[in-house]
Amino acid sequence: TLGGLATSTMTTRASITGVEGLECIRLKIETTKPEDSTVLEKLGPLGSMINENSPPFPSGEALEKVQPGSSEVRLETSFCDEGLRISKDGDKRHDVYVWKRKGFGSGMKL
C-alpha cells in the first residue's frame with residue numbers, strides 16, 4: 001500500500017453452492033475487484049469512471065487453473081450479530097475471518 005498512501009478494499013464475490021447445518025455454507029469464489037481505491041479517488045471523475053468500468057479479476061478461474069477445487073471453500077460461522085461476524089474456513093481451521101458491518105444495503109428491511 002505504499003506506506004498507506006494507496007489503499008483499497010478488495011471485494012471477492014462468490015456464489016453459495018451448498019449449506020451444511022446452521023453454521024456452515026459452501027462457497028465457490030468467482031471474482032475479486034478493488035473498491036474504494038484512494039489512488040482512483042485522486043483522479044476525480046476519471047477515477048470513478050475507471051472504477052465503475054474496470055472488470056473484476058476472475059480469481060475463481062485463476063485458482064482452479066493452479067489447483068482444481070481450490071476455488072471452493074467451507075465458511076463456518078462461530079459468531080454473528082447485526083454488526084460483527086466471525087467465521088473460519090471449515091477445511092483450514094487456522095484461517096479466521098472477521099467482518100464488521102458498516103451499514104445495511106439500501107432497500108433492506110428488518
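Predicted model: local features only at pLDDT ≥ 70, side-chain atom pairs only at ≥ 80, totals over all residues.
Leu46 is found in helix α2, which spans residues 45-53. The chain has 110 residues, and buried residues make up 19% of them. Its secondary structure comes to 3 helices and 5 strands. From the N terminus on, the elements run β-β-α-α-α-β-β-β.

**Surface patch**

- Leu46 counts as partly exposed, because its relative accessibility is 45%.
- Leu46 is one of the residues in a nonpolar patch on the surface.

**Largest pocket**

- The largest pocket holds about 1000 Å³ of space.
- Its lining consists of 27 residues.
- Nearest the centre of the pocket lie Met10, Thr11, Thr12, Leu75 and Trp99.
- The elements that give two or more residues to this lining are β1 (9-20), β2 (24-35), β3 (72-80), β4 (84-89) and β5 (96-100).
- Strand β1 gives the most to the lining, with 5 residues.
- By residue type, the lining of the largest pocket divides into 12 nonpolar, 5 polar and 10 charged residues.

- Side chains of opposite charge can pair when their charged atoms come close.
- The count of salt bridges comes to 6.
- In one of them, the side chains of Arg74 and Glu20 meet at 3.0 Å, N to O.
- This pair links distant parts of the chain, with Arg74 in strand β3 and Glu20 in strand β1.
- Arg74 and Glu20 are 54 residues apart.
- Is Arg74 buried or exposed? Arg74 counts as buried, because its relative accessibility is 17% and the cut-off for buried is under 20%.
- Glu20 is partly exposed, with a relative accessible area of 32%.
- Arg74 also forms a salt bridge with Glu76, where the closest N and O atoms are 3.9 Å apart.

**A salt bridge between helix and strand**

- Glu64 and Lys28 form a salt bridge, and their closest N and O atoms are 3.9 Å apart.
- Glu64 lies in helix α3 (residues 59-66) and Lys28 lies in strand β2, so the pair ties together parts that are 36 residues apart in sequence.
- Glu64 counts as partly exposed, because its relative accessibility is 24%.
- Lys28 counts as partly exposed too, with a relative accessibility of 28%.

- Gly60 has its place in helix α3.
- Gly60 counts as buried, because its relative accessibility is 4%.
- Along the chain, Gly60 and Thr32 are 28 residues apart.
- Their C-alpha atoms are separated by 8.5 Å.

- Where does Pro56 lie? Pro56 lies in the loop between α2 and α3.
- Pro56 counts as partly exposed, because its relative accessibility is 37%.
- In sequence, Pro56 and Pro34 are 22 residues apart.
- In space, Pro56 and Pro34 are 8.0 Å apart, C-alpha to C-alpha.

Definitions and conventions. Residues numbered from 1 in each chain as written. Heavy atoms only, no water. Patch = residues over 30% accessible without salt bridge, like charges linked within 9 Å, V, L, I, M, F, W, Y side chains within 5 Å. Areas by Shrake-Rupley, 256 points an atom, 1.4 Å probe, with all protein chains shown as cover. Salt bridge = Lys/Arg side-chain N within 4 Å of Asp/Glu carboxyl O. Helix = DSSP H or I, 4+ residues; strand = E, 2+ residues; numbered from the N terminus. Buried < 20%, exposed > 50% of the residue type's maximum accessible area, 1.4 Å probe, protein only. 1 Å grid on protein atoms, 1.4 Å probe; cavity = no way out; pocket = protein on both sides within 12 Å on 5 of 7 lines; lining within 4 Å. Points joined across faces, edges and corners; volume = space filled by probe spheres on them. Nonpolar A, V, L, I, M, F, W, Y, C, P; charged D, E, K, R; others polar.
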